[in-house]
Amino acid sequence: MDGLTSFAARIGQQISEQKMIRHFGLVHAIQAGVVLVSGLNNHAALGDRISFAMPGGALLFGEVIALQARFAAILPEGPSEGLRIGARAELLFAPRLTPTDAWIGRVIDPLGQPLDGRHLAQGPTPMRYRAPPPPAAGRKRLGARLDTGLAVFDTILPIARGQRLGLFAGSGVGKSTLLSALARGVTADVVVIALIGERGRELREFVETVLGPEGMARAVVVAATSDQSPMMRRRCAWAGMTIAEYFRDQGKHVLFLADSITRFAEAHREIALAAGESPSYRGFPASVSNLIMALAERSGPGPEGQGDITGIFSVLVAGSDMEEPVADILRGVLDGHVVLDRAIAERGRFPAIDVLRSVSRSLPQAANDAENALIARARAMLGAYAESELMIRAGLYAQGSDPVLDEAVRVYPSLDHFVTLRSGDAAESFVLLSEALARQTALAASNSAPSGLRT
């Protein structure tokens, strides 16, 4: 019966997709990579897809990026060589996604087509790519602290259910590896991963090795590789969020991972400049700010009676510049940020998290008084060491001149190692943090005691 119902649903969807009226236009001009089409301007809307008839029967797709009184401006999704004046253009209208539970464990493109060579079932209800966020006044507050499998995130940088966290890093610092560890370890019903502008050769490695069968068992991966058009790369983030909203509406807790928002913003920049928008924000158009904030606002706690979307957004910061436009915009709308430092990665400590520059805004509510005291002490020790690190490494530090600094120097190696540790849950992580703060102190006290009293 289930198979018959699924078959009937597919047939019904195919019938509904048949167009009773089809709209065609003609290519009027091709200039600066933009195609002007006449005959569609009274029917097309921004964001609609267009197909062009190419020589040999092939089709070239594009997206409406601007409308004029007589013409629709189309940005092609692929190479436009061979496209000529007078070529036929068909209006396909705005695409929709039809997610279903069967998408879990699959790798798809931003249009909802399979990338793993297997048939992909479609859901009964089409969903918009750019849906509004839930009403602000009706959203729940942040939920309970989530176990992540990583000691530093279970303690100093907790992630609460419905929280939105930014992951800021330069290239080659371990950002994707950390994201995959969170995808496997964070407590969630479903994980939706949007790989925006990633290298094509890395997709299979990410799915099979980095994420692995355990991670894929509860994940949906949406991928648009770096060679694809800016429309597909931009749509990749929207597709991932739309799928996350589908599962959220079922009452599930969804972990949404986007890698990276920088490439999402760069794709929008290409489209906006082709549409005639001027770059006004350090090379980015003014509309990029609202675009990023609108995407981030769609995640977070859902309305009462629905699930939540815990979002982790990675940002590729050039030269570790936290003030660059995309990082600055995203940091202002998130509930915390984690900074990966190249200097830490170069000395071989992974994940290369700069704890002092990272913050989780779920604190202090996400921890109890004793746990908050441990976190505060750990930050104080790391801060005291960082302030005098140059002096310590230069050999100018004299032990005994500052008791706080003396303790910071003793516990720093164990705290630095603590960031690399995995754990089963938050309780175990706080035990590890307590031991990191006490181990070197106890050892120093043992070494300073008379020989007959050492243990």
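**View 1. The whole chain, as a predicted model.** This is a predicted model, where local features need pLDDT of at least 70, side-chain atom pairs count only at pLDDT 80 or more, and totals for chains, interfaces and linings use all residues. Residues are numbered from 1 along each chain as its sequence is written, and side-chain values use heavy atoms, with hydrogens and water left out. Here pLDDT is the predictor's confidence in each residue, from 0 to 100. The chain averages 89 on that scale, and 91% of the residues score at least 70. Residues 441-455 fall below 50, and this stretch has eight contacts in the model beyond near neighbours in sequence (a contact means heavy atoms within 4.5 Å). Where pLDDT is low, the predicted coordinates should not be read in detail. Along the principal axes, the C-alpha atoms fill a box of roughly 95 × 55 × 40 Å. You'll find 13 helices and 17 strands in the chain; these are DSSP runs numbered from the N terminus, with helices being H or I over at least four residues and strands being E over at least two. Of the 455 residues, 52% are buried (buried means under 20% relative accessible area, exposed over 50%, and partly exposed in between, with a 1.4 Å probe and protein chains only).

**View 2. Six strands close into a barrel.** Going around, the order is β1-β2-β5-β4-β3-β6, with antiparallel pairing. Two strands count as paired if DSSP finds at least two bridges between them. Strand β3 (residues 49-53) and strand β6 (residues 88-93) run antiparallel and are joined by four bridges. Arg 49 stands opposite Phe 93 in β6.

**View 3. Strand β5 and its two partners.** On one side, β5 pairs with strand β2 (residues 34-38) over four antiparallel bridges, and Val 35 has Ile 74 in β5 as its bridge partner. Strand β4 (residues 59-67) also pairs with β5 in the antiparallel sense, this time over five bridges. A hairpin of three residues takes the chain from β4 to β5. In a regular strand the side chains alternate between the two faces of the sheet. In β5, Phe 71, Ala 73 and Leu 75 point one way, while Ala 72, Ile 74 and Pro 76 point the other way, and all are buried. With six of its six residues buried, β5 (residues 71-76) is therefore largely enclosed by the rest of the structure.

**View 4. Two aromatic pairs.** The structure holds four aromatic pairs. Rings of Phe, Tyr and Trp (its six-membered ring) pair if their centres lie within 6.5 Å; planes under 30 degrees apart count as stacked, over 60 as edge-to-face and the rest as tilted. Trp 238 and Phe 264 make an edge-to-face pair, because their ring centres are 6.2 Å apart and their planes are at 80 degrees. Trp 238 sits in helix α5 (residues 230-249) and Phe 264 in helix α6 (residues 261-274), so to speak distant parts of the chain, 26 residues apart. Trp 238 is buried at 6% relative accessibility, and Phe 264 is buried at 0%. The rings of Tyr 385 and Tyr 412 are stacked, because their centres are 3.8 Å apart and their planes are at 5 degrees. Tyr 385 belongs to helix α10 (residues 369-387) and Tyr 412 to helix α12 (residues 403-418), so this pair ties together parts 27 residues apart in sequence. Both Tyr 385 and Tyr 412 are buried.

**View 5. Arginines over rings.** A charge sits over a ring if NZ of Lys or CZ of Arg is within 6 Å of the ring centre and within 35 degrees of the ring normal. Arg 235 places its charged end over the ring of Tyr 129, 4.7 Å from the centre. Arg 269 lies over the face of Phe 284, at 4.3 Å from the ring centre.

View 6. Most residues other than glycine have a negative phi, and most peptide bonds are trans. The bond from Asp 259 to Ser 260 is cis, with omega near 0 degrees, and Ser 260 is in the loop between β11 (253-259) and α6. Ala 32 has a positive phi of about 50 degrees although it is not a glycine. Ala 32 lies in the loop between β1 (24-31) and β2 and counts as exposed, at 83% relative accessibility.
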